[in-house]
Structure formats: structure tokens, C-alpha cells
Amino acid sequence: QAAGLSASQLEAILNSGFFYIPYADSYRRSIERGFREVKNDKGKVIRRIPLTEYAHSLQLGLLWYKLNVDRNNKASVVFVGVAQGWKGEPIVRSETHEDETSEGNKIDDDGTEDYNAFKAAVDVSCFNIQLETKKMEAFRLIGEISEATFFGVTLNLGNKEGVGLDDTYWVEEFEESATGEIVKNKRGFVKIREVGDNKRDETATSYAQTITGSDYSQGLSLTELPLLGINGLVGFGTFPVTISPVAKTKDFMKEAPNFYAKINSESNSAYGATLSFQTDLANTAKISEFWAHVGGAIGVTSIDGKIFAYSGSDSIDIGASLTGYLNLGLVKKFYFRRFGLIFQADAKYAMTYISVSGRDNATYELTNGSLGLDGRAGLEIYLTPALSFGGCAEYNVFGVSNSWSAVVTDKDNKETKSGDAAGPDVNYSGLGVYAWINYSLPSLK
């Protein structure tokens with residue numbers, strides 16, 4: 001009161017006090033001893049390197065409370081909620097220490113792997129606790145629209161309150177129900193595109209783009225919808241893999257058991273499933289809707305050809321074979337309402353795997369791999385703040401490769417390998433088409 005604060009202001013300050021009690025529901029540290037086998041080119045085990053694996057299993061959380069003080073200076077404590085760092089199963093992280101070099105020299109264990117596994121489990125738990133805390137009603141950011149246009153709204157929140165690029169907010173309106181109860185009605189959602197620096201300028205505001213909803217007006221409420229910022233995408237597509245015809249390849253092995261291949265006609269494409277993850281880089285790069293991407297696909301291509309084993313005495317149809325890729329790159333999205341144009345560029349590793357079994361119960365395997373680039377352009381459409389679907393066209397740029405690795409496994413499970421065999425030409429260049437569902441992950445595992 002000496003500072004000029006009113007009783008209502010003092011009450012607001014005192015009632016803004018929160019505190020928490022950390023707790024561990026379970027913790028388990030385990031140590032397992034094992035070996036890593038080192039094999040020669042013929043598949044024979046030549047050394048077993050001893051290993052020690054450290055694993056840490058955690059279930060951590062926070063119990064949140066609020067301190068209330070009334071006008072009579074009477075204090076009370078109210079339970080706010082539980083922020084768990086796990087969902088269902090405990091958070092588990094592990095790391096492995098090699099106890100010897102490949103030459104058999106002992107490697108001292110200074111505890112680095114043990115500590116790193118423990119820290120990784122704690123870091124993931126804390127990340128989940130932070131997200132669960134932000135979801136609590138008491139901690140959700142709530143603002144108000146100060147200005148509205150067809151394209152977006154201005155809100156009275158900024159970096160002082162922790163607003164970040166690409167944050168999602170529900171636009172809500174208080175309405176009276178038929179029973180006379182005042183309820184919040186969600187009219188749509190918006191995403192932050194510009195963050196006001198109200199740490200330096202108290203009048204600074206933030207700008208949010210309208211994704212769904214319409215006819216927003218000054219005074220409507222905005223409530224934060226905390227999201228992880230990591231998306232999982234599951235889809236299906238067709239991607240290029242061209243295997244050229246060849247009357248007879250060179251022998252894949254330099255010694256028995258030997259085999260070669262014949263490709264009768266060109267194969268041009270594969271069909272398969274895709275799985276990828278995106279993490280939002282907007283607040284790091286200061287660019288909205290800027291994402292890092294890592295993903296892959298596995299599919300099937302039909303190869304019209306044969307494998308000839310033991311100097312042509314055994315011919316085996318190739319038929320359906322596995323092909324796929326791994327890619328890593330960047331994504332930029334441009335939204336108009338719920339519709340987003342997507343542009344993506346990746347570095348890509350593509351591969352094809354052929355495996356057939358002969359009458360002698362031996363298995364003949366061929367693997368080709370190649371590095372290249374891809375570029376994508378597509379459209380993604382929001383269904384909800386956490387769910388969208390989309391599709392794109394992709395073009396791949398690769399060089400032609402005829403380098404294959406070959407493995408023969410006989411009926412006694414003995415392997416013979418050749419790491420640089422010349423086989424049919426393979427080219428992964430060309431057009432691909434994909435469709436997917438994009439889901440914002442609720443937590444880290």
C-alpha cells in the first residue's frame with residue numbers, strides 16, 4: 001500500500017504465486033553385458049568385442065499448487081494439477097560402452113555413457129513436463145484481439161509472456177447457454193506470425209494469421225493451445241527406380257559360390273509406405289513455418305529378370321523386390337487460411353534389395369545404394385490444429401549406378417560376401433507422387 005497499490009492489485013499479486021513439488025513415480029537403472037561380433041568377408045566371426053549397456057527408466061513429474069491470499073490476509077493452498085513427464089510407459093534411454101578395441105585392448109569406462117543415458121531420459125521427461133504444464137488451465141496464455149482483418153488478428157501478448165512463432169491459439173467467444181450458463185465457444189484458431197517485443201515496448205503487439213474461422217472482432221478471447229512442435233507424417237506414394245535390362249551381368253563373386261543376373265525389361269517405379277518427422281525451426285531461424293525434415297519410405301518394385309546360380313545350373317525368377325530411401329532436409333510452408341503450399345528440399349539415400357532362394361537352399365542377395373537430391377512441391381490442409389492431410393509431387397536427381405554388394409548364404413548359414421560387384425544399371429531419378437496425414441505428436445517417448 002505504501003507503494004501506491006490498491007487492495008485489489010495486492011490481492012492479484014499475492015494470488016499469482018505458484019509452487020511445485022517434484023516427484024519420481026519410478027526409477028530403474030540397469031546394466032547388461034554383451035558382445036558385438038566382428039565378421040570377415042566370408043561371414044565368419046573373427047572377434048567378439050565385450051559391451052556394457054547402461055539403461056535408465058524414469059517416471060518423473062511435478063505437483064503444482066497455487067497460494068491464495070484473501071483480503072483478510074488469510075492464506076490457503078489450492079492443488080492445480082499434475083504434470084507427468086511420461087505417458088503410459090516410462091521414459092527409457094540407453095547407451096553402450098565398448099569395453100575393448102578391435103585389437104583386444106581394454107577401454108576404461110569413465111561413466112560417460114551411463115551419465116549420458118541418464119541425462120537423456122531426464123531431458124525428455126522435463127520437455128514433456130513443460131508441455132503438460134502449459135496445457136493446464138492455470139498456465140495457459142490468454143489474450144485478447146485488439147484488431148482483426150480478413151487475414152489475421154493482432155493480440156495483446158508478446159515475448160514477455162513467452163509467445164513464439166507458429167504458436168497456436170483458439171479464438172473464443174463467451175456465450176450464454178439456454179440454461180443461462182456462460183460458456184466458451186471456439187470459433188476457430190490462429191497461428192502466430194510476428195511476435196511483439198513488449199519487453200522493450202509495453203505497447204508492442206503480436207500478429208496471428210487466421211487459419212480457420214471468420215468474422216473475428218476486437219475483444220474476442222485468445223487461448224493458447226500448447227503443441228509439441230514435432231509432427232509425425234504417415235503416407236503412401238510412388239517413387240522412381242529404374243533398373244535397366246542386361247543380357248548377362250558379370251559374376252558377382254570372385255570365387256564359389258558364384259552367380260549372375262539377367263534383366264529382361266526395364267522397371268520404372270515402386271509403390272510403398274512413407275514415414276517422416278518434422279520439427280519446427282521457426283523460433284530458431286526466426287522464420288515462420290520453417291521445418292527440419294527426416295523421413296523414409298519402403299516399397300516394392302517388380303523386376304523382370306532371373307538370378308543364375310552355379311554357372312547357370314539354377315535359375316530363379318527375381319520378381320517383387322524391396323526398394324526405398326532415407327531423406328533429410330528442410331521444409332517451408334506458406335498458408336492461406338487452412339491451405340498451405342509446401343516446398344521441400346532433401347538429401348536422399350536410395351536403395352534396392354533383391355533376395356531369392358535357390359533349389360540348393362542357398363539365399364542370394366544383391367543391394368544397390370546411391371546418394372542424390374530431391375525437391376517437392378505440394379499442398380497441405382488443416383483439419384484441426386493437430387491434424388492435417390496433404391499431397392505433393394517430387395522430382396529426384398541421381399546418377400546412374402551399377403555398383404552392387406552381393407551376399408550368398410548357404411544352407412549351413414555360412415556367408416560369402418562381395419562388396420563391389422558390377423550389376424545392372426540403376427537410376428533413382430524421376431518423378432514421385434505422395435499423399436500423407438500429418439499429426440502433431442502429443443509428447444516425446
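Which residue lies over the face of Phe-150? Arg-337 does, at 5.1 Å from the ring centre. A charge counts as sitting over a ring if NZ of Lys or CZ of Arg is within 6 Å of the ring centre and within 35 degrees of the ring normal. Lys-248 meets this rule too, over the face of Tyr-260 at 4.2 Å from the ring centre.

This is a predicted model, in which local features need pLDDT of at least 70, side-chain atom pairs count only at pLDDT 80 or more, and totals for chains, interfaces and linings use all residues. Residues are numbered from 1 along each chain as its sequence is written, and side-chain values use heavy atoms, with hydrogens and water left out.

**Rings and cysteines**

The structure holds 18 aromatic pairs, where rings of Phe, Tyr and Trp (its six-membered ring) pair if their centres lie within 6.5 Å. Phe-18, Tyr-20, Trp-64 and Phe-139 are linked by such pairs into a cluster.

There are zero disulfides (a disulfide is a pair of cysteine sulfur atoms within 2.5 Å). Cys-392 is buried because its relative accessible area is 9%, whereas Cys-126 counts as partly exposed at 42%. Here buried means under 20% relative accessible area, exposed over 50%, and partly exposed in between, with a 1.4 Å probe and protein chains only.

**Cavities**

A cavity is a set of points, on a 1 Å grid over the protein atoms alone, where a 1.4 Å probe fits but cannot get out; its lining residues have an atom within 4 Å of a point. Grid points are joined across faces, edges and corners, and the volume is the space filled by probe spheres set on the points. The count is two cavities of 30 Å³ or more.

| Cavity | Volume |
|---|---|
| Largest | about 190 Å³ |

The largest cavity is lined by 19 residues, and the closest to its centre are Leu-233, Ser-276, His-293, Arg-376 and Trp-436. Strand 13 gives the most to this lining, with four residues; strands (E, at least two residues) are DSSP runs numbered from the N terminus. By class, the lining of the largest cavity has nine nonpolar, nine polar and one charged residues. Ala, Val, Leu, Ile, Met, Phe, Trp, Tyr, Cys and Pro count as nonpolar, Asp, Glu, Lys and Arg as charged, and the others, Gly among them, as polar.

Among the residues lining the second largest cavity are Phe-239, Tyr-325, Lys-348 and Asn-396. Strand 15 gives the most there, with three residues.

Conventions
On a 1 Å grid over the protein atoms alone, a cavity is a set of points where a 1.4 Å probe fits but cannot get out, and a pocket is an open set with protein on both sides within 12 Å along at least five of seven lines; lining residues have an atom within 4 Å of a point. Rings of Phe, Tyr and Trp (its six-membered ring) pair if their centres lie within 6.5 Å; planes under 30 degrees apart count as stacked, over 60 as edge-to-face and the rest as tilted.
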